[in-house]
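Reader: I would like to go through this model by asking, for each label attached to it, what value stands behind the label. Could you begin with the chain as a whole and then turn to single residues?

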Amino acid sequence: MADKNTRKGDGSVLVIGLGRFGSAIATTLVRSERDVLAVERSPELVALWAGRIALVEADATNPVALEQLGVRDYPTAVVAVGSHLEASVLITANLVDLGVPQIWAKAVSNEHARILERIGAHHVVRPESEAGERVAHLVSGKLLDYIEVEDGFTIVKMRPPRELEGFSLAQSQVRTKYGVTVVGVKSPGMDFRYAEPDLRISTNDTLIVAGHPDLLDRFSRRP
């Protein structure tokens, strides 16, 4: 049984479920030298990841098992079980009851996400849906990368429209014309530069632009 008096460090993370999503999170955290404990009930997956990740074989739908693992001592937990809705909900509810400060949970549908939010998950992610939306934006225009932050705020990496080439940011009036903000510019062979009024845009530059996704989409479609 875990020592209940030993509080884990702020960077400690409990990952429940070692499918594709959970194992990707756990291995990435391990590479970042974070303190990670994975919980998996499948003997096959436990055998697959043994020796690569600190893990225990346990059924996280059982609150007693989580209590014995010292889950209360972890500041962050990730419920990476998504395809089994009942298990996902039970595990999340157990973590809420045990008072885990930050709970991230995977959802596979809008309905699943709403349930997780209502029972107390602090962050709900839909990796398949979010990845699909991101790729859709990338294949539809000049965008090189697309990050939707929250509340209608998005950051993109893109090639400059032709109308900006050879002009400074002040001359191009991007904010006034399109309602988006150029945050910075990366020119080939040069360091990233934060946007300044006299910064001149060239054909091969890469722009970092922020704003509402609809306005960014309109701006990125400029020839």
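Author: The chain holds nine helices and 11 strands, and the model that shows them is a predicted one. Of its 223 residues, 40% are buried, and the chain exposes about 12300 Å², of which carbon and sulfur atoms supply 52%. Among the contacts with a separation of 6 or more, 55% are accounted for by residues 24 or more positions apart.

Reader: Why is T206 called buried?

Author: The relative accessibility of T206 is 13%, and the label buried applies under 20%, so T206 counts as buried. T206 lies in strand β11, which covers residues 206-211.

Reader: What makes the pairing of the side chains of T206 and R159 a polar contact?

Author: The side chains of T206 and R159 are joined at 2.9 Å, while the cut-off for a pair of N or O atoms is 3.5 Å, and the pair is accordingly listed as a polar contact.

Reader: Which label does V180 carry, and on what relative accessibility does it rest?

Author: V180 counts as buried because its relative accessibility is 0%, where the label requires a value under 20%. V180 sits in the loop between α8 and β9, and its contacts beyond four places in sequence are with V174, R175, V209, A210, L215, L216 and F219. V180 and H212 are 32 residues apart in sequence, yet their C-alpha atoms are 7.3 Å apart in space.

Reader: Why is V108 called partly exposed?

Author: V108 has a relative accessible area of 41%, and partly exposed covers what lies between buried, under 20%, and exposed, over 50%, so V108 takes the label in between. The loop between β5 and α5 holds V108, and beyond its neighbours within four places in sequence V108 is in contact with G82, S83 and R126. The C-alpha atoms of V108 and H84 are 9.4 Å apart.

Reader: What is noted about the phi angles of E33 and Q173, and which accessibility labels do E33 and Q173 carry?

Author: Phi of E33 is near 60°, a positive value in a residue other than glycine, and Q173, which is not a glycine either, has a positive phi of about 50°. E33 is placed in the loop between α1 and β2, and at 74% relative accessibility it counts as exposed, the label for values over 50%. Q173 lies in the loop between α7 and α8, and Q173 is called partly exposed because its relative accessible area is 43%.

Reader: Which residues lie nearest the centre of the largest pocket, and how many line it?

Author: The lining of the largest pocket comprises 27 residues, with G17, G19, A80, V81 and G82 nearest its centre. The elements that give two or more residues to this lining are α1, β2, α4 and α6, and α1 supplies the largest share, three residues. The volume of the largest pocket is about 430 Å³, and by class its lining has 13 nonpolar, eight polar and six charged residues.

Terms used. Residues numbered from 1 in each chain as written. Predicted model: local features only at pLDDT ≥ 70, side-chain atom pairs only at ≥ 80, totals over all residues. Heavy atoms only, no water. Helix = DSSP H or I, 4+ residues; strand = E, 2+ residues; numbered from the N terminus. Buried < 20%, exposed > 50% of the residue type's maximum accessible area, 1.4 Å probe, protein only. Contact = heavy atoms within 4.5 Å. Areas by Shrake-Rupley, 256 points an atom, 1.4 Å probe, with all protein chains shown as cover. Polar contact = N/O pair within 3.5 Å; in protein donor to acceptor, adjacent residues only side chain to side chain. 1 Å grid on protein atoms, 1.4 Å probe; cavity = no way out; pocket = protein on both sides within 12 Å on 5 of 7 lines; lining within 4 Å. Points joined across faces, edges and corners; volume = space filled by probe spheres on them. Nonpolar A, V, L, I, M, F, W, Y, C, P; charged D, E, K, R; others polar.
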